[in-house]
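Reader: Hi! Could you walk me through this one? I'd like to go piece by piece.

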Amino acid sequence: MSILEVKSLSLSFGGLRVLNEVSFAVEAGTITSLVGPNGAGKTSVFNVISRLLTPDAGEVWLEGQRIDALGPHEAARRGLGRMFQDPRIFKGLSVRENALAGARIRANHPWHALIRDRRTAQEWSETETRVAGILAEFGLGTRLSERAEDLSFAEQRFLSFARCLAGEPRVLLLDEPTVGLDIRAIANFTERLRQLVRRDGITVLLVEHNMDVVMAISDCVHLLVQGQIVASGPTAEIRRHARMIEAYLGDRHVAQGA
Amino acid sequence: MAVGFAIIYNTTRVFHLAHGAVLTCAAYCFYVTVAVSGLSLLVAVPITVAVAAALGCFIEFCVYAPLRRRGAGPAALMIASLGLLVLFQNLFAIVFSTDIRTVRSGGLSIFQFGALTVTSLHIVIAIVTVCVFAVLQLFLTATKQGRAIRALSDNPQLAPVVGIEVERTYLLVTAIGSGLAAVAAILLTWDLGVQPEMGFLIVFYSAVAVVVGGAGYLPGALLGAVAFGLVQQLSIWQLDSRWQNGAVFAVVLIFLALRPQGLFGSRLNVRRA
Amino acid sequence: MKASLLLVLAGIAYGTAAAAQEPIKIGLSQIASGPYADYWNRQVNKPAMLAIDDRNAKGGVNGRKVVGILEDNKGDATTGAAVAHKLIEIDKVNAIFVAPTPPALAALPIAEAAGVPVLSTSTSPKIGQSPWGAVAQPPADRAGIGYAKFVAEHGLKHVASIAEDNDSVAISVNAFRSALAKSGIELVDAETYKAGSQDFTAQLTKIRAAQPELLLMQSASAASYGFILKQMAELDFRPKYIITYYQITDPQVRQVAGDLVNGVYFLQVPVDAEWNARVFKPRMGYDADGNGALAYDALAIYLDAYAKAGTDDPKTVRQTMLDYQGYKGAVGAWGYNGQAVTQLQFEVAQVAPGGGVTVIH
Amino acid sequence: MGYLVTLLTIISIYTILTASMDLVLGYAGMFSFVHAALYGVGAYAAALVVLKLGLGLGAAFLAALAVTVLVSLVTAVITVRLEGDYFILGTFCVANVISSVMDNWTDVTNGANGLYGIPPAQLFGWTIAPGVPFLAVTALSAAAVLWLKHRLVSAPFGICLQAVREDEAVASVLGNDVRRVRIVIFAIGGAITAVAGTLLAFYLRFLDPTTFTFAFTIFVWAALFVGGSVSTLGTVVGPAILVLFPEALRFVGLSGTHVANVQQALYGLLLVVLMMYRPQGFFGRHAMR
């Protein structure tokens with residue numbers, strides 16, 4: 001069954017139609033890409049799914065439950081993880097604190113902050129270790145106490161990714177995660193992504209401009225143009241889809257030619 | 001005044017408390033030029049406006065701009081602005097003493113329109129406000145700089161992209177806003193007189209007016225100010241005047257809670273995604 | 001922070017050192033900042049200091065020099081308490097002179113604990129209730145009764161009031177109301193406004209609608225009298241009588257309201273014109289109003305009593321002052337007559353054109 | 001040395017308020033303009049319980065606590081959804097409404113006359129004498145508040161607060177109920193002002209509305225910014241400086257007419273300079289943005 005499903009989403013800002021009857025499904029344990037030219041409404045779709053925006057019409061289903069009436073935090077608590085296009089890390093906080101901010105634990109509650117019963121304390125310390133582990137995998141393990149704003153852009157990107165993973169999401173929305181990363185970083189990143197899907201069984205919905213990445217890692221691709229899904233299908237097929245070539249590969253060949 | 005505050009606030013998004021300092025400075029400047037050196041209004045008014053505009057730009061140039069360059073956000077700017085207000089208030093208290101200073105004494109000629117009595121000044125205020133406002137609107141809509149200002153207040157991020165020199169526009173905005181403050185100051189001084197502490201509350205009232213009217217929409221500021229004034233006057237008839245202040249702010253509060261975007265505000269207060 | 005702490009300590013050292021010498025110290029805990037600062041300096045702080053200078057000119061108290069120590073209490077209770085402690089414990093003052101009511105009330109428990117007399121020209125009678133307090137100002141309720149007396153004498157039936165929202169004013173207005181009630185006169189409208197307001201049109205419009213024959217104005221700042229008079233004229237609201245408190249004679253009123261102030265009735269503490277011309281005006285350059293005169297007398301009579309008592313025991317000195325007969329000063333001959341609150345009565349006067357005052361009775 | 005004791009007592013009380021402000025403004029980034037008013041509500045509640053019911057410190061504190069928490073909850077619920085400056089204005093309105101009630105609900109608050117004749121604090125039948133004993137109580141309370149605050153913010157809850165301050169949207173998609181976090185911390189802040197209010201009532205033993213005008217909120221802000229937000233040391237140093245500096249001026253012979261203005265002017269200047277060269281205050285870890 002599909003773990004995440006959006007049904008005929010429509011959204012408009014002040015008369016401007018941003019999304020028009022957008023429907024697609026994401027199968028559990030897959031990497032699904034949502035691609036399309038700038039301003040096609042990809043980020044809006046993400047904002048609707050993660051409940052930062054409320055659609056004019058349409059439904060969002062997560063693991064068989066409707067979530068389009070919930071608040072963003074409730075959606076998150078049901079296993080939805082969201083990573084923004086620009087890292088949007090908490091500049092004022094340390095690397096460690098940033099990552100920890102993603103974890104949802106008892107100690108987030110003021111009461112348990114005061115009365116630290118054994119369960120709270122244990123969970124807290126476990127989380128600290130787990131988060132440190134995640135950071136280590138991104139090569140930030142030695143820099144836990146540094147201010148996040150001192151990190152390089154790529155490191156900030158990784159940090160916000162780690163922050164996202166700290167919440168142990170089952171479905172992960174990634175908005176252009178490879179922008180501004182160099183080849184090696186991208187490789188490292190895609191590897192992590194595969195691992196997440198294979199090892200931890202996380203489902204990924206990816207918005208990505210880098211077609212190499214898209215084609216390399218996604219099982220399934222949806223093409224969004226001017227707020228409408230114009231093509232969907234397994235990567236192998238979509239690669240050859242006319243609209244797809246028109247929208248991307250076409251001008252990419254030109255770019256290579258030049 | 002509210003309008004002056006509004007235009008600065010909408011564009012620079014600075015909660016510009018120091019506007020009160022500008023107002024007070026203008027008021028004293030007017031007092032000095034008229035009452036002390038006995039110059040004619042024709043001379044005094046332009047001088048006052050110029051001085052106010054200058055001070056406004058000085059603050060913008062020496063405090064706000066550097067702060068922005070240091071990546072300071074609204075909070076820092078507001079505190080700095082608060083500091084400026086306190087600083088100026090007390091400087092004026094030292095120079096001019098805390099006694100009220102007036103440029104004229106006695107009542108004003110009054111006119112009877114049936115039931116209601118209005119003073120000559122009220123009429124002048126009404127006319128001036130309308131004129132200033134009309135000119136401002138014209139400037140904002142018809143001229144290049146005007147459009148630049150509006151663009152900047154609509155979308156600070158995008159403005160530079162379409163080739164607007166942000167800092168210069170901020171400076172312009174501040175100059176205009178401060179000029180308006182000067183006009184308000186002159187009218188106030190003419191009606192009531194000057195005191196070092198006059199600025200603070202006026203700024204807050206105009207801020208309230210701006211919010212009531214709806215930030216991002218200039219006529220809103222004007223209408224907001226009127227609405228605010230009306231509530232203030234009417235509340236006294238409805239209940240004991242002791243409760244005037246409380247009542248007015250209770251109304252504003254309820255209003256804020258129910259309609260945060262203001263009477264005519266287009267800017268919706270949805271959380272930025 | 002270290003620096004300022006050191007300063008404090010240095011100050012304490014200084015304070016105790018000074019206490020070793022013999023002068024009689026009077027602590028003035030008064031307003032020296034804020035919107036009312038200048039009036040306060042003119043009509044409270046300087047006159048008080050003047051009284052001290054005059055005493056020293058007469059050779060001080062039994063040869064001992066008198067020192068006045070002025071501290072700003074901002075008119076607020078918290079600062080008032082700190083100032084009281086400072087004056088009592090560091091400067092070791094023999095008495096505290098504090099006029100504004102909140103700091104006075106905050107200072108009382110401290111002074112009582114330390115056994116230091118509190119001289120005051122506050123219009124609040126509360127200070128008089130303390131075994132260490134002494135109030136030289138006729139309390140506010142007496143003013144209220146005074147107004148009511150005026151109303152009765154002129155056989156008025158419809159009266160209204162506009163008053164600032166502060167303690168002593170509230171007291172006098174309430175006294176006014178109840179005194180009127182006794183003689184069956186109706187207070188048709190009683191409006192109030194927040195301290196520091198400048199626009200009274202709303203209140204005045206409402207009062208005008210009630211068409212009173214007399215309007216009572218009560219405020220803490222002279223300027224607001226000016227605005228009220230001005231805006232009354234602008235609303236074409238001219239009651240037969242306007243009565244108010246003696247602050248109406250402050251130059252600020254005429255500055256704001258011009259000739260509109262002429263003919264306004266007011267209750268005044270009978271300032272001795274001869275004293276004002278001889279002692280006060282030549283050195284101050286302006287006339288003393290009731291506050292000024294009383295501030296002067298409150299200290300002068302205390303110092304006289306101190307000399308008479310011939311002891312440093314504060315309780316004896318205070319008692320001597322309260323029983324002291326035959327003092328003649330800024331408000332003529334008066335005394336406490338054994339009471340903690342002066343028995344001084346108001347007289348009705350009227351503002352004359354050109355700034356003078358004509359006393360009615 | 002009663003005078004020093006006074007100053008220290010005042011500093012302790014202000015420290016409590018600054019700590020509360022640090023939680024609300026420093027950590028959660030909410031510019032509360034209502035703190036002085038809440039402080040007043042607490043003080044009045046405590047004083048009334050003592051004057052009308054003749055109860056002791058404990059009962060007075062509980063009453064103050066209940067009332068301030070209630071008021072701050074209501075305030076938060078109304079104003080919390082307002083953004084930035086709108087929130088400032090919202091709380092400014094609440095502050096005005098509250099002070100209007102203090103001024104005019106004469107039957108209870110005795111209006112502008114204030115509440116007079118509050119007896120010295122009674123705790124479990126013991127009388128806490130003014131001076132050193134009372135200072136001890138105040139200082140202990142301050143210490144307790146600081147410990148409480150540290151306990152709260154050293155846990156992940158502190159991170160949640162700052163996350164909300166730094167980026168609402170991100171905080172919410174990370175699973176924080178932004179609205180709830182804000183309301184909760186505002187209520188906690190209110191509860192803390194109750195401590196300060198109660199202590200003030202028993203320290204001054206006289207209350208009047210002028211003590212709790214929004215000018216005092218600005219003083220607390222200044223104390224926080226000077227000392228530095230998001231820090232424990234800052235919440236002590238800030239008030240200490242702002243209280244001791246003017247008092248120190250008294251001793252270098254600077255008191256009287258213009259000093260007060262000079263002093264105020266200086267502290268206005270200080271705020272500007274701080275924002276330009278040290279936006280995190282003297283001991284703060286978080287720079288105002």
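Author: Happy to. One term before we start: two residues are in contact if their C-beta atoms, placed from the backbone, lie within 7 Å. Also, this is a predicted model.

Reader: Thanks! Then which residues is C:Pro102 in contact with, leaving aside its neighbours within four places in sequence?

Author: On its own chain, C:Pro102 is in contact with C:Gly75, C:Asp76, C:Ala77 and C:Gly80, and on chain D with D:Gly114, D:Asp208 and D:Thr210.

Reader: Where does C:Pro102 sit, in terms of helices? And is C:Pro102 buried or exposed?

Author: C:Pro102 belongs to helix α4 of chain C, residues 101-114. The residue has 32 other C-beta atoms within 10 Å, so C:Pro102 is buried, the cut-off being 20 or more.

Reader: Let's talk cores. How many residues does the largest nonpolar core have?

Author: That core has 400 residues, and B:Ala26, C:Ile96, C:Ala107, C:Leu299 and D:Ala46 have the most contacts inside it. Helix α9 of chain D, residues 178-204, gives the most to this core, with 18 residues.

Reader: Pick C:Ala107 for me. What is C:Ala107 in contact with?

Author: Apart from neighbours within four places in sequence, the contacts of C:Ala107 are C:Ser29, C:Gly80, C:Ala81, C:Ala84, C:Ile96, C:Val98 and C:Val118. C:Gly80 is also one of the contacts of C:Pro102.

Reader: Nice link! Over to chain D. What can you tell me about helix α1(D)?

Author: Helix α1(D) covers residues 2-27, 26 residues in total, and reaches 36 Å from its first C-alpha to its last, close to the 38 Å expected. There is a bend of about 30 degrees at D:Met21. After the helix comes D:Gly29, with a positive phi near 70 degrees.

Reader: Why do you call α1(D) largely enclosed, if you do?

Author: I do, because 22 of the 26 residues of α1(D) are buried, so the rest of the structure largely encloses this helix.

Reader: How many residues go into the contact from chain B and from chain D?

Author: Chain B puts in 39 residues and chain D 37 residues. On the chain B side, α3, α4, α8 and α10 each supply at least two residues. Helix α4(B) gives the most to that side, with 14 residues.

Reader: Now chain A. Which strands make up the open sheet of four?

Author: Its order is β2-β1-β4-β5, with antiparallel pairing. The edge strands are β2 (16-27) and β5 (65-66), each pairing on one side only. Strands β1(A) and β2(A) share eight bridges, and A:Ser12 has A:Arg17 in β2(A) as its bridge partner. Helix α1 of chain A, residues 42-49, packs on this sheet and touches β1, β2 and β4, at about 115 degrees to the direction of β1(A).

Reader: And β3(A), which faces of that strand are covered?

Author: Both: A:Ile31, A:Ser33 and A:Val35 are buried on one side, and A:Thr32 and A:Leu34 on the other.

Reader: What does β3(A) pair with?

Author: Strand β3(A) pairs in the parallel sense with β8(A), residues 203-207, over four bridges, and A:Thr32 stands opposite A:Leu205. Four bridges also join β3(A) to β9(A), residues 220-225, again parallel. There, A:Val35 has A:Leu223 as its bridge partner.

Methods:
Residues are numbered from 1 along each chain as its sequence is written. Chains are lettered from A and ligands numbered from 1 in the order in which they are written. This is a predicted model: local features need pLDDT of at least 70, side-chain atom pairs count only at pLDDT 80 or more; totals for chains, interfaces and linings use all residues. The expected span of a helix is 1.5 Å times one less than its number of residues. The bend at a residue is the angle between axes fitted to the seven residues ending there and the seven starting there. A residue is buried if 20 or more other C-beta atoms lie within 10 Å of its own, exposed if 12 or fewer, and partly exposed in between; C-beta atoms are placed from the backbone. Two strands pair if DSSP finds at least two bridges between them. A nonpolar core is a set of buried Ala, Val, Leu, Ile, Met, Phe, Trp, Tyr and Cys residues joined through C-beta atoms within 7 Å. Axes are lines fitted to C-alpha atoms, for helices over the stretch in contact, and angles run from 0 to 180 degrees between N-to-C directions.
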